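Visitor: Please take one part of this model and look at it closely. I would like to see how the side chains there sit and what they touch.

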Amino acid sequence: MKKKNRILLLIVIFIIILLILMAVVTIKNENEKNIANNPKETTYFEDSSVNKLDQMTERDRIIFYFSKYIDNIENGDFETAYNMLYDEFKNTYFDTLEKFESYVKEKYPEIISVEYISFEREGRYYIISVKITDISTDESFEQKFILREYDYDNFVLSFQAE
């Protein structure tokens, strides 16, 4: 009788383990389906791992940082863009987030196209000149940006404020 109870107990334990494994596999498959059916929009913030930045050229990294700034402007995330500014520049031209937001809304189009005109390095500073175009009206203007990289994905920028 004891032998039958042990065998029965082992069978029950085996069935429970099998059910748990099936549940785990099912949950994992559902998560993979959800990820495949709902792909996230890729943004620069998601791709900014130090390893990827380490493999980029100096020029590509600086353009990458600038693109993060422009993406924040286009997406209306003015606070994040504001926080990317060099403190002294920010204090001189835009001592409040509201002043910066007002400048951006007046200066930049809703949908921005960027053409890189020049890229220079002067000591610790990178200077890029860009042509910013409003896609809907084809109106454009040129602007210079100065970026300083302290470490990978740790940078500040300022620009020609008019």
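Guide: A nonpolar patch lies on the surface, formed by Ile7, Ile11, Phe14, Ile15, Leu18, Leu19 and Met22. Together these residues have about 680 Å² of accessible area, a value from the Shrake-Rupley method with a 1.4 Å probe, where for residues only the protein chains shown count as cover. A patch is made of residues with over 30% relative accessible area and no salt bridge; nonpolar side chains (Val, Leu, Ile, Met, Phe, Trp, Tyr) are joined within 5 Å, like charges within 9 Å. The model is predicted, so local features need pLDDT of at least 70 and side-chain atom pairs count only at pLDDT 80 or more, while totals for chains, interfaces and linings use all residues. Residues are numbered from 1 along each chain as its sequence is written, and side-chain values use heavy atoms, with hydrogens and water left out.

Helices (H or I, at least four residues) and strands (E, at least two) are DSSP runs, numbered from the N terminus. Ile11 counts as partly exposed because its relative accessibility is 43%; buried means under 20% relative accessible area, exposed over 50%, and partly exposed in between (1.4 Å probe, protein chains only).

Now to aromatic rings. The whole structure holds 20 aromatic pairs, where rings of Phe, Tyr and Trp (its six-membered ring) pair if their centres lie within 6.5 Å; planes under 30 degrees apart count as stacked, over 60 as edge-to-face and the rest as tilted. Tyr93 and Phe94 form a tilted pair, because their ring centres are 6.4 Å apart and their planes stand at 45°. Tyr93 is in helix α5 and is partly exposed, at 47% relative accessibility. Phe94 is buried, at 4%. The ring of Phe94 also pairs with that of Phe159, with centres 5.9 Å apart and planes at 35°, so this pair is tilted. Phe94 lies in the loop between α5 (87–93) and α6 (97–107) and Phe159 in strand β4 (residues 154–159), so the pair ties together parts 65 residues apart in sequence. Phe159 is buried, at 5% relative accessibility.

Helix α6 has three kinds of detail to look at. Its buried residues are Phe100, Tyr103 and Val104. They lie on the same side of α6, because they cover an arc of only 95° around the axis, the arc being that of the directions from the helix axis to the C-beta atoms. Glu98, Lys105 and Glu106 are exposed on the other side of α6.

In one of them, Arg121 meets Glu58 at 2.7 Å, N to O. Arg121 is in strand β1 (residues 112–122) and Glu58 in helix α3 (residues 58–74), so the pair ties together parts 63 residues apart in sequence. Another joins Arg61 and Glu149, with the closest N and O atoms 2.8 Å apart. Arg61 is in helix α3 and Glu149 in strand β3 (residues 140–151), 88 residues apart, and both Arg61 and Glu149 are buried.

Conventions: Salt bridge = Lys/Arg side-chain N within 4 Å of Asp/Glu carboxyl O.
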